[in-house]
Amino acid sequence: MGLFSSFTSRVPAARLHVGFRRARIAGAATAAALLSLTTVVVLGSSASAADTPVRDGSRYDRAAASCWEVKQVNPSAPSGVYWLQTPALVAPQQFFCDQVTDGGGWVLVGRGREGWSFATTGQGSPTSIRTAPFGPAAFSPAALSTATINGLLNNTAVSDLPDGIRVWRAATSDGAIAQELRLRTATLPAGVPAGWSWAFNGGIKLASFSDNGILNTSPGLHSRNLNAKPTGGDGWTQLSTYEWKNHNYRNGFWYGYEVVGNQDPNSFLWQYGTERNAVPFAQVWLRPRLTQADVHYPAPDPSGAGAQTLRPLMRTTTEPGTTWGVSGIVGGGKGENNLEVQALATIGTTLYVGGKFEYVQRGATPGVNEKVRQPYLAAFDIPTGAWKPAFLPVLDGQVRDIIAAPDGSLFIAGEFTIVNGVSNTQGLAKIDATTGEVVPGWSATLYDSTTPANARGRALDIHGQWLYVGGTFNTVYGGGLAPGTTARSVKLRNMTRVNLAT
């Protein structure tokens, strides 16, 4: 099959360049040279064992260090799928390379229209990215994981990439005309991880942003919401990536108000209703200029590695030896806010389980006294799986997170308003790990003055002498003081830290 798909009959194969107003965009000379590609898998000829492999990316054993190296080894290499490998990537993998734009050498790390998750773990499958890089079949977003992208970069700082991050986004409903965005990330302070991040919607700090040659180097640029024209553009020079309710919270690389989309499933410009600010089909590319001469693979230890005892991987079915577990949902309900288990923690050989479950029970068909109502929080012996009936905390709402305290007790956070009848335990409490009783002398109560019933803790972490708490609240009362008092209270929203000891 030929390299170009049906777009090439309508669009000249020149470098893509478009203007920013509708009239200029409609008349611009454009190219879909890469983005209207039919996927090409580049195949190599067989070679004898005596041949020195040419790192042209054509085979597993000819994996190149980058799409850039493929183009240097073979200047006539077409865009398509190639094998790449770096020491950080470890094993060779296949990726889609753009060998046309600006001399080629670009690797595709994500593509899609509306619904990007911007998740560290990636989205969709790597196979779908390389086999469906463009067109309606690629509208459902897919993105490589952060770990894979850092492997492609061989752990190079993104801010050190000469070409920055390239975002191609459609500018017409048929995808024949598009924009080229270049994002140069800011250099981060020493000690801050400088690898890849998908947190476009959170606001990646940028040193510059350009939209088809219009450059903005204003201080404080970030990827959440920016414009190539510091004084304001016409919608075509705007890039926004955050969750907007008018788009039904469907993330993407969207335009300003002047750009209109539609609900056609085959349109390269989408909008949820009549809100405008079209969300275009977009691709994210990187160009690490790595060659085999730049990367160094560690020599294997001839003596091999020492033996290790590994724990079994988690199964998809219940272990045959499992004796006790949890069941039922208090009050019923479905969805992520109504799960039997929300949190796990261990101290020694005891497993603590928190969630919205209603019962602890033995096996699938419990006998008499083997199904006990112990909602929200329970403890089990890890070696035997047995329920520990001495641990009997009494809560009136589900547990969202559990973490072991340095002194051997437990911190719990959740949607409860009181623990064991002890006041000032709303959303957060410290309890005895053996009995479940509230630890005296420690109190940090979460409160929401706008909607008191909504106060809840959702996440816990410990660093140094501090317990960090995330959730839904706007006030924290410490030292055993009740809501309504003013001493030892802090006004804030949804995140705080409190002293581990007090």
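This is a predicted model: local features need pLDDT of at least 70, side-chain atom pairs count only at pLDDT 80 or more; totals for chains, interfaces and linings use all residues.
Local features need pLDDT of at least 70 and side-chain atom pairs count only at pLDDT 80 or more, while totals for chains, interfaces and linings use all residues. Residues are numbered from 1 along each chain as its sequence is written, and side-chain values use heavy atoms, with hydrogens and water left out.

Start at Gln123. This residue is found in the loop between strand S3 (106-112) and helix H3 (126-131). Helices (H or I, at least four residues) and strands (E, at least two) are DSSP runs, numbered from the N terminus. Gln123 counts as buried because its relative accessibility is 18%. Buried means under 20% relative accessible area, exposed over 50%, and partly exposed in between (1.4 Å probe, protein chains only).

Contact here means heavy atoms within 4.5 Å.

Gln123 also lines a cavity. A search of the whole structure finds one cavity of 30 Å³ or more. A cavity is a set of points on a 1 Å grid over the protein atoms alone, where a 1.4 Å probe fits but cannot get out; lining residues have an atom within 4 Å of a point. The volume is the space filled by probe spheres set on the points, which are joined across faces, edges and corners. Alongside Gln123, the lining includes Trp116, Ser117, Phe118, Ala119, Gly122, Ala143 and Trp198. The lining divides into five nonpolar, three polar and no charged residues. In this count Ala, Val, Leu, Ile, Met, Phe, Trp, Tyr, Cys and Pro are nonpolar, Asp, Glu, Lys and Arg are charged, and the others, Gly among them, are polar.

Now move to Val341. It sits in the loop between strand S14 (324-329) and strand S15 (343-347). Its relative accessibility is 35%, so Val341 counts as partly exposed. Val341 touches Val326, Val353, Gly354 and Gly355, not counting residues up to four places away in sequence. Val353 is twelve residues apart from Val341 along the chain, and their C-alpha atoms are separated by 6.8 Å.

Asn420, in the loop between strand S21 (410-414) and strand S22 (428-431), has a positive phi of about 55° although it is not a glycine. Asn494 lies in the loop between strand S27 (489-491) and strand S28 (495-499). Phi of Asn494 is positive, near 75°. Asn494 is partly exposed, at 33% relative accessible area.

Technical notes. On a 1 Å grid over the protein atoms alone, a cavity is a set of points where a 1.4 Å probe fits but cannot get out, and a pocket is an open set with protein on both sides within 12 Å along at least five of seven lines; lining residues have an atom within 4 Å of a point.
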